[in-house]
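This report describes selected local features of a protein model. Please consult the sequence and the structure alongside the text.

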Amino acid sequence: MMELYKENREKTGPRVELLAPAGNYEAFLGAVNAGADAVYLGGEKFGARAYADNFTTEDICRAIHVAHFMGRKIYLTVNTLLKEDEFAELIPYLQPFYEAGLDGVIVQDIGVLTLIRNCFPELALHASTQMTLTGPEGCAFLQELGVERIVPARELSLDEVRRIKEQTGLEIECFIHGAMCYCYSGQCLFSSMLGGRSGNRGRCAQPCRLPYQICDSAGRPQAVDAAYPLSLKDMCTITYLPQLIEAGIDSFKIEGRMKKAEYAAGVTALYRKYIDLYIREGRESCRVSREDLDRLQSLYIRSELQTGYYERHNGREMITLHKPSYAGSDESVLAQIRAAYLHEPDRAEAAVKVTLEKGRPSVLQITGEAGSVTVEGAAVEDAIKAPLQAEDVRKRFLKTGNSCIRVHSCDILMPQDCFLPVRAMNELRRAGIEAYERQCILRQGMSAGRTSDIDIPTWSVNDTGPVEKHTETDILVSTYEQLAEAVQHPCRRIYIDSDLYLARYREVTACITARVNAGTAEGEHRAQPAYYVALPYILRAGDSAYTERLTTLTAKGSDNANSPLIRGFLIRNYEEAAFVLGLEGGFEMVPDAGLYCFNSESIRFWAHYCREYTLPWELNRKEAGRLARFAQSAGMRTVMTVYGRIPMMVTANCIRRTAGQCPKAGTAAAASTFLQLKDRYGVVFPVAINCTHCYNIIYNSVPFSLHQQENVVKRIGADVRRYDFTTEPAAECRQILSGGKPFGESCTTGHLKRGVE
């Protein structure tokens, strides 16, 4: 077992890790037998695959031991958002895995990340793709917090991935095979809002795999052949491996913890074959055979294959337009895989020597590939009635239970009239095997376990009723007409969408200045609002000119004497946190709902950088109120959205392009616009086509509005009520800001009543 793996490591070297999924212990065995360098898996809590079989605590500890004996690594997924009540369980849940030698933990929640860092300083932190990391600035921000490895957004090009690696030196883990989400991971609320099954909590119901009709803004059908416009083909990069290896990616990740053990083993074996072939013989010999491609296709693949976003930003060819269902698996191939890989790994051969001398400690020596270990046990006694028989001793020491070694020979040195109790022999054998396995693990350069002396934190959040607060009003605008209306209403702050701010900078500043001057002339004594810029939902490498211009226009002293200065920014991702922190002038920043302050630990984190945060969309009223009370004690103000369209998906793929209507960049037609998605029940979802940053935002079919929930809003106790305007005309903005209902017949209160599981 170890000889074969050592040989493979010498061929491939340490620079390319093949990382396989495991939804249960059988899949783990299949993955390591097929050649995975590491396996990622989930336990019974906090993993983003709540419906996988998952592992018990005993299973995980056993898997860590077996993997380390073979020179492989185990990473645990803790990549969901945690509610406040769950934090008391987190550290006790992780402690046995930490002590067993767990190699790393994959995390989404920033509060979870900082708590694990503080409690388990030797445990490697991996930032999940759920954190939507898209550039070196955001990655470097997390690197300062102790993150060692980044799983960037799957939407990045190979050049963007290479840029992160070169500028940060972080370990980079990228997906190379398996199912693809249509939305940027961590930004999807579709399943959550439609059915209460949150992707951020590992319970996605995959509404993206259902049929939708693309329509124009007037509801006229477009692209009638695109029946499943949100269903991406599965990724397969086996023919693209040389480019991925040469880009310096550290870990190649196969998706599939929800899939069969045969899938994990079969896919791993084929990628192992071609990674080794490339390292051994170079590009020219790394040509994937038709037979192997067909074999991959037979392993639970969604209809067709594509290579992901490494070579393209988006495209109609990435979509399973006509059939989203899986093509099924070839049972004969599965049977071959079961026979080859789905079994306990071959055990390491060892020789045993037992020495028994009366009046002296019993001695066991185990010798094998990893060298030799010697352990002592209980003292050997004189035989009073039944002396030990050498053959009985040999049989007992040939037994190795479920250990990783097999005894091929056993020498017994003992007098004929000695005695050692059975229990003592069993303890000696157990101690010897443990010592030898530990030596094997250490020689592989792996952890053989840790000790931990952890003071488990306690959480105490004030659960008394909310303090009556004087709430203030913020307004977020996306169009010039909305801005012109917003400046007429008393409010604390106006957020101006950054695209609007840059595209119509002179008009925007003139509008604001005119309102300030009019107020002065009329003798108004009310305070003027502060103006903030709402940054994009996604920032990528192609936005560098955009951020440079934004930096110039918001610099202190850059505006003329009559133009108000921008005081701060609404941030939607970690790239933007790094961007704002890097600006001169001490700008304030406010994390938006998609940065998920889901618990007190995440608020503690952001309190180092901000004075307020935005409640996320997935908390119910009790959870939101509890968080608002904690924030108050931590010196943070709570912002609560009371009106707006909930952004249910932020996508790199574009339904306008899927409909065959992508305009050329820079043309008038390339301006941001709205299309519609209509589901099989006729429900219409507005889609903002943002051509400036080349992403879509799919909004909920009805607006979120709390205009009839005044008592609920008061009980939550937020400091600020925010109104978000996206599709609304000025007249509707006026009505809503005056306390009225939206123009449409329906609205939603989101998760305020039910929350998410």
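This is a predicted model: local features need pLDDT of at least 70, side-chain atom pairs count only at pLDDT 80 or more; totals for chains, interfaces and linings use all residues.

**Helix 10 and helix 12**

Helix 10, formed by residues 261–281, packs against helix 12, formed by residues 331–341, at an angle of about 80 degrees, and their axes lie 9 Å apart. Angles of 65 to 115 degrees count as roughly perpendicular, so helix 10 is roughly perpendicular to helix 12. The residues that make the contact are listed below by helix.

| Helix | Residues in the contact |
|---|---|
| Helix 10 | Glu 262, Ala 265, Gly 266, Ala 269 |
| Helix 12 | Leu 334, Ile 337, Arg 338, Tyr 341 |

Sorted by class, this contact comprises five nonpolar, one polar and two charged residues.

**Helix 5**

Helix 5 spans residues 110–119, and because eight of its 10 residues are buried, it is largely enclosed by the rest of the structure. The buried residues are Ile 110, Gly 111, Val 112, Leu 113, Thr 114, Leu 115, Ile 116 and Cys 119. At the start of helix 5, the backbone nitrogen of Gly 111 has a side-chain oxygen of Asp 109 within 2.7 Å.

**Leu 321**

Leu 321 belongs to the loop that runs between strand 12 (305–306) and helix 12. Its relative accessibility is 10%, and residues under 20% count as buried, so Leu 321 counts as buried. Apart from neighbours within four places in sequence, Leu 321 contacts Asp 225, Ala 226, Ala 227, Tyr 228, Arg 316 and Thr 658. Between Leu 321 and Val 516, the separation is 195 residues in sequence and 52 Å in space, taken from C-alpha to C-alpha.

Conventions. Residues are numbered from 1 along each chain as its sequence is written. Side-chain values use heavy atoms; hydrogens and water are left out. Axes are lines fitted to C-alpha atoms, for helices over the stretch in contact, and angles run from 0 to 180 degrees between N-to-C directions. Helices (H or I, at least four residues) and strands (E, at least two) are DSSP runs, numbered from the N terminus. Angles under 35 degrees count as roughly parallel, over 145 as roughly antiparallel, 65 to 115 as roughly perpendicular and the rest as oblique. Contact means heavy atoms within 4.5 Å. Ala, Val, Leu, Ile, Met, Phe, Trp, Tyr, Cys and Pro count as nonpolar, Asp, Glu, Lys and Arg as charged, and the others, Gly among them, as polar. Buried means under 20% relative accessible area, exposed over 50%, partly exposed in between (1.4 Å probe, protein chains only). A polar contact is a pair of N or O atoms within 3.5 Å; within protein, one must be able to donate a hydrogen and the other to accept it, and residues adjacent in sequence count only if both atoms are side-chain atoms.
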